[in-house]
Amino acid sequence: MLVALLSSQYARFTAIAEAWLSLGASAFGVYQDERPLVYWPAGHQLARPSIKAPICRGEQELGDIRIAGLSGMAYEQRLRADASLISYLLQLENELQLMTVDLVTSQDQQLALYRLTQSMRDHVTVEDTLRAVVSEAVRMVKAQGGFAAFVPASGEEPLLVQHPEGVLPDTLAWHFYKASRASEREHMLSDVEPELARHGISNVLHVPIWVRGTVMAGLGLLNRPDGFGAPDIKLVRAIAGQASAQIERMLLYQEMFTQTKLRTEMELARRVQVDLLPRSLPVIAGLDIYANSRPAYQVGGDFYDFIVQPGRPLIFSVGDVTGKGLSAALLMTMTRSAIHSKSQFMPYPTPEAVMRQSNEDLYTDFTRVGVFATAFVGQYEPGSQRLLYANAGHAPVIYRPADGEPRLLRADSTAIGILPVSRCRDQILRIGPGDLLVVATDGFSDVRNPDDETFGIERLLDLVERLHERQAAAIATAMFEEVDRFGHGREQDDDQTLVVIKGAAS
Amino acid sequence: MNMKTRVAADVNIVELSGRLDTNSVQPVAAWLDQVTATPGARVLVNLAETTFVDSTALATLVRALKRCQQVQGDLYLCGMRRTVYMIFELTRLDKAFNIFVDEEHAIQALTG
């Protein structure tokens, strides 16, 4: 150490030596263990020094400086002052060296962490990330092996990766992880129990990885030849911090991906539903018709349809397929198409025949996927003032004769897809001037308010009674407004579909 | 919604209370899928404390009924309140299901 200081501060030592020589000393030298390290003038080895002063680090004497040819109290004091200055220089040199070592280590670690972050950018799954973290941590800490565990909050399968594969039994890895999770801090075992020694484990360091405010993962390292010291713990904590940030990024990415997928699916379902609705309302002598459908965010399977062909009666349908989202939208198109094509191409379609055939077409597929579709099919011959209908499990359907009370029309058979053979029968309704038929879907009657009350059938009947004198469009608009008011801003749970048919003077 | 399950006289019974709808039906559907997988499964759904059923809940019950029929089993319903029974009546599902006033009568029919 003294030698290193001499090399780096040689000019200062020379200056001190020259000052002594000019004061009259015959020689000046620096000694360690009674061996000269350097002396002035050249060739004078100070065989008989007159004064010596020790160079110390703390309590430890590392060497001395000595002179020859001068003596006395003043010279002794001055030489001690020089020795003390050199001791101080030595201490500074020592601190500088330690700081340099720390700096180099820290730079190495930062570089390694940077490389780790860069390499993790390419990973798109938590498992890939954990594998990279473990192998890099093992390399950086110079451990023999490592492992990382991850227990997703979403209830998916927990993950455990090891490097190298099989470095310790899975049960032990989970044991370390659980211990860290319970205490929320790192665990270090240097004096291992015989049970661990049996598996070739001499020391372990396990650090928890915090994800979204809880310990959701952990990083463990095994068998570092010199054990785990404070710098190793610091480094592994930093690696765990990187892993934490990367896992959080990964989870956010996965959530965004799922949400985007869901949004795309919902948008597609909504488009399928809206695009298949009739673009315009039919104009039929003797009828005032209005229809509208509002898909919910989680699109249901509502539809309505009008089949108008020259020389044939008007046929209309309203339906609701169970379920939500894209599957409901697809099954809705199947149901709507079945009813539409039967109505269009049967030589003499009646609601009963259309419903029976549609049930036959769809029963097997619907049973396989576990859904059904309620449907109402009506048929009107212009000028007849008579509506023929069949109702397969559809509700609510309200009829309000011009001269009577509103009443619910019960279905005459179960929904399409429940029984192999439809029991639908044609029913007849009078649709003369002022007679009113409202075919809604359960998205209307099931609307809830913030107090969790359901709108219900009774309110719907009262509403129809209150509105029956208005035109079909005005009745529908008021009904949508009323359920919106009742829902009080609560998000619509289900599609809401309404077909209003009112008898008018032809 | 709350569900309580038990087995009595070899019949799998589930008691459902509160609203049975899209948001709450999932655990019921999972339980029904499980119990209707056994050949000859006999299942009873007690709706005495059920205040509301929506179309998704009805579809779940219909699916379970069909699964039961496929394994030569039976699924009965019992104890419906008037508002819930009205939904079954309006949609004619009262014709698809065997519905009993209470558990005792349903179990008698299932085990008799």
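Helices (H or I, at least four residues) and strands (E, at least two) are DSSP runs, numbered from the N terminus. The model described here is predicted: local features need pLDDT of at least 70, side-chain atom pairs count only at pLDDT 80 or more, and totals for chains, interfaces and linings use all residues. Residues are numbered from 1 along each chain as its sequence is written, while chains are lettered from A and ligands numbered from 1 in the order in which they are written.

The model scores ipTM 0.88 and pTM 0.65.

Chain A has 506 residues, of which 40% are buried. A residue is buried if 20 or more other C-beta atoms lie within 10 Å of its own, exposed if 12 or fewer, and partly exposed in between, with C-beta atoms placed from the backbone. The secondary structure of chain A comprises 12 helices and 19 strands. Two residues are in contact if their C-beta atoms, placed from the backbone, lie within 7 Å. Of the contacts in chain A between residues at least 6 apart in sequence, 64% join residues at least 24 apart.

Between the chains, 22 residues of chain A and 16 residues of chain B take part in the contact. The chain A side divides into eight nonpolar, nine polar and five charged residues. Here Ala, Val, Leu, Ile, Met, Phe, Trp, Tyr, Cys and Pro count as nonpolar, Asp, Glu, Lys and Arg as charged, and the others, Gly among them, as polar.

A nonpolar core is a set of buried Ala, Val, Leu, Ile, Met, Phe, Trp, Tyr and Cys residues joined through C-beta atoms within 7 Å. The largest has 102 residues. Phe372(A), Val377(A), Val499(A) and Leu44(B) have the most contacts inside it. Helix 2 (residues 55–70) of chain B supplies the largest share of this core, eight residues. Another core lies apart from it and has 41 residues, including Val167(A), Phe176(A), Val211(A) and Ala243(A). Leaving aside residues up to four places away in sequence, Val377(A) touches Ile315(A), Ser317(A), Ile339(A), Pro351(A), Val354(A), Met355(A), Tyr389(A) and Ala390(A).

Strand pairing follows; two strands pair if DSSP finds at least two bridges between them. In chain A, an open sheet of five strands has the order 10-19-18-15-16, with antiparallel pairing. Strand 10 (287–294) and strand 16 (407–408) of chain A stand at the edges with a single partner strand each, so one side of each has no neighbour in the sheet. Two bridges link strand 15 (residues 397–400) of chain A to strand 16 of chain A in the antiparallel sense. Tyr399(A) has Arg407(A) as its bridge partner in strand 16 of chain A.

Strand 8 (residues 204–211) of chain A is mostly covered, with seven of its eight residues buried. Strand 8 of chain A pairs antiparallel with strand 7 (residues 187–189) of chain A over three bridges, and with strand 9 (residues 214–222) of chain A over eight bridges. His206(A) is the bridge partner of His187(A). In strand 9 of chain A, the partner of His206(A) is Gly220(A). Strands 8 and 9 of chain A form a hairpin with two residues between them, and Arg212(A) in the turn has a positive phi of about 50°.

In chain B, strand 1 (residues 2–8) and strand 2 (residues 11–20) run antiparallel and are joined by seven bridges. Thr5(B) is partnered by Val14(B) in strand 2 of chain B. Two residues lie between the strands of this hairpin, where Ala9(B) takes a positive phi near 50°. Strand 2 of chain B runs parallel to strand 3 (residues 42–53) of chain B, with eight bridges. Asn12(B) stands opposite Val43(B) in strand 3 of chain B. From strand 2 of chain B the chain crosses through helix 1 (residues 26–35) of chain B to strand 3 of chain B, a right-handed β-α-β crossover. A crossover is right-handed if, with the strands pointing away from the viewer, the path from the first strand over the helix to the second runs clockwise.

Most residues other than glycine have a negative phi, and most peptide bonds are trans. A cis peptide bond joins Ala395(A) and Pro396(A), with omega about -5°. Pro396(A) is placed in the loop between strand 14 (386–392) and strand 15 of chain A. Gln72(B) has a positive phi near 55° and is exposed, with 9 other C-beta atoms within 10 Å. Arg92(B) has a positive phi near 65° but counts as buried, with 24 C-beta neighbours inside 10 Å.
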